[in-house]
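Have a look at the sequence and the structure first, and then read on.

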Amino acid sequence: MMQKVIIEVKMKCKKCRSKALAIAVGKKGVTSVAFKGESKNQIEVIGEGIVDAAGLAEMLRKKVGYANLVSVEEVRER
C-alpha cells in the first residue's frame, strides 16, 4: 500500500532543508520526497508501507525543529 505523508516543518536555512530531506529519504520504504506548500515548509513523503509517520515527524522535530504531522493518506494508482 502506497502512502502519502505530509509534515509541516519549520526550516530556517538551507542546511535545515537538506537535513530534513536526508532524514526523510533515510526512512525505509520511501520512494519520493518533495517540498510543498506556499513557502516550501511542508515535506511530502511518498512510499510503500510508511507505517511510522508519527515517528518520522518526531525524528524531524528532534533533529530540525518544529514539525507537525498534517496528513497521512493512501495513494491510489491511476
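Predicted model: local features only at pLDDT ≥ 70, side-chain atom pairs only at ≥ 80, totals over all residues.

What is the phi of Lys40? It is positive, at about 55 degrees, although Lys40 is not a glycine.

## Salt bridges across the chain

How many salt bridges does a search of the whole structure find? The search finds four. Side chains of opposite charge can pair when their charged atoms come close.

One of these bridges joins the side chains of Glu73 and Lys4, with 3.4 Å from N to O. This pair links distant parts of the chain: Glu73 belongs to strand S4 (residues 67-74) and Lys4 to strand S1 (residues 2-9), and the two are 69 residues apart. Glu73 is partly exposed, its relative accessible area being 38%.

## A buried partner

Another salt bridge brings together the side chains of Lys36 and Glu44, at 3.9 Å from N to O. Is Glu44 buried or exposed? Glu44 counts as buried, because its relative accessibility is 12% and the cut-off for buried is under 20%.

## A bridge along a helix

The side chains of Lys62 and Glu58 meet in a salt bridge as well, and here the N to O distance is 3.6 Å. Both residues are in helix H2 (residues 53-63); they are four residues apart, so about one helical turn separates them.

Lys62 is exposed, with a relative accessible area of 67%, while Glu58 is partly exposed at 40%. Elsewhere, salt bridges that share partners join Lys4, Lys36, Glu44 and Glu73 into one network.

## Rings and charges

Where does the charged end of Arg17 sit? It sits over the ring of Phe35, 5.7 Å from the centre of that ring. As for pairs of aromatic rings, the count comes to zero.

Key
Residues numbered from 1 in each chain as written. Heavy atoms only, no water. Phe/Tyr/Trp six-rings, centres within 6.5 Å; stacked < 30°, edge-to-face > 60°. Lys NZ or Arg CZ within 6 Å of the ring centre and 35° of its normal. Buried < 20%, exposed > 50% of the residue type's maximum accessible area, 1.4 Å probe, protein only.
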